[in-house]
Amino acid sequence: MIWTPGAARAARRIAAAAAVGGGGLTALGALTYGLLFTEAVVARRIVGRPHGMEGPPADGIYGDFDGEPIRMVMLGDSTSVGLGTTDPADTPAVLIASGLAGIAGRPVRLTVVGKSGATSVDLGDQVDRALGALPDIAVIFIGANDVTTQTPPARAVRHLQKAVRRLREAGAEVVVGTCPDLGTVRPIAQPLRWVTRRWSRQLAAAQTVAVVEAGGRTVAFADMLGPEFDTNPDEMFGPDRFHPSVEGYLQVAYAVLPSVGNALGLWPEPRPRRSESIYLAAAMAAEEPGAEVSATRVAGRATGPHGRWVTMLRRRPWVQPRDV
């Protein structure tokens, strides 16, 4: 794991700008951001579009169990709907819902309100729809399109935090999969691939700060699929060479599942746990795929000299065999 104090400072600056309503480019600068946006447009033209603009319909009840269903909603961008898949069972929402049903021994009623192409700005409308399902748990995958569009980081973080706060106020637990490392996307060429990597991770760190402050928890995607994409690009990328394949979505879903179980009190938390300042933990988690960050208390206090106390759980991504 590699991190720098500068990453923690960047996360703090972006989160602070969001808190006061700022929307400026606080991570890499306007010129670099403009170059990145241009590069993203070129990359999109190279990879084209996958078959269909949305994932397969996935709403329904999952798990052959008795009892009152757990109500789960899925919000976010194309990864939340499993863009590029054709079978609902291969989408991350269904994979998480099915796994959650197995953990809880109860059925799970899934409602997917995510939309391909969504940025954090679009989460408000999605939350409006999600609240109609009276969710017990909400899962959000968001951030990639905030990087590949002209959404200023502070603005993106502010909208995400507002979405999490609304869901928490309605009684739902919230788990957010933070911005993935877009430096693993091969059609984005060097030298701007390293810029994309830095931008993605600074946004992910700022997302963690905002989500935890709003009462949710985060799971870092980071370069979770980077090694697999580098080694087996035909297997781990989908047909558009931009979105994950079925195997990629499986990896993502089962990295998030323990945190979903944790949020609902259904998954045993590992011990010992180490408490950190929120800004330091956010920067470290952005570099470590599968890491979960959630609020905690130290000596009965929620905050310390460097901000809110949080716990970072270092979970390595794992994949459950399909025949289990």
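Helices here are DSSP runs of H or I with at least four residues, strands are runs of E with at least two, and both are numbered from the N terminus. With that in hand, on to the model.

This is a predicted model, where local features need pLDDT of at least 70, side-chain atom pairs count only at pLDDT 80 or more, and totals for chains, interfaces and linings use all residues. Residues are numbered from 1 along each chain as its sequence is written, and side-chain values use heavy atoms, with hydrogens and water left out.

The overview. The chain has 12 helices and 10 strands. Of its 324 residues, 55% are buried. Buried means under 20% relative accessible area, exposed means over 50%, and partly exposed is in between, with a 1.4 Å probe and protein chains only. The chain exposes about 13,500 Å², and carbon and sulfur atoms supply 53% of that. Those areas come from the Shrake-Rupley method with a 1.4 Å probe; for residues, only the protein chains shown count as cover.

Now contacts, meaning heavy atoms within 4.5 Å. Take the pairs at least 6 apart in sequence: 80% of these contacts join residues at least 24 apart.

Next, the cores. A nonpolar core is a set of buried Ala, Val, Leu, Ile, Met, Phe, Trp, Tyr and Cys residues joined through side-chain atoms within 4.5 Å. The largest one has 32 residues. Which residues have the most contacts inside it? They are M72, M74, I96, L110, I137, V139 and V256. β2, α4, β3, β4 and α11 each supply at least two residues of this core. The largest share, nine residues, comes from α11. Another core lies apart from it, with 25 residues, including L182, W199, A204 and V209.

Look at V139. Setting aside neighbours within four places in sequence, V139 touches M72, V73, M74, L75, I96, V175, V256 and V260.

I96 brings us to α4, where it is one of the buried residues. After α4 comes G105, with a positive phi near 65°.

Aromatics. Rings of Phe, Tyr and Trp (its six-membered ring) pair if their centres lie within 6.5 Å; planes under 30 degrees apart are stacked, over 60 edge-to-face, and the rest tilted. The count is one aromatic pair. The ring centres of F141 and F221 are 5.0 Å apart and the planes sit at 80°, so this pair is edge-to-face. F141 is in strand β4, and F221 is in the loop between β6 (217–219) and α9 (226–231), so the pair ties together parts 80 residues apart in sequence. Both F141 and F221 are buried.

M284 sits in helix α12 (residues 278–285). At 6% relative accessibility, M284 counts as buried. Its C-alpha is 9.7 Å from that of A220, 64 residues away along the chain.

Last, backbone angles. Most residues other than glycine have a negative phi. L134 is not a glycine, yet has a positive phi of about 50°. L134 lies in the loop between α5 (123–131) and β4. Buried or exposed? L134 is exposed, at 57% relative accessible area. A299 also has a positive phi, near 55°. A299 is in the loop between β8 (292–295) and β9 (303–304), and is exposed at 77%.
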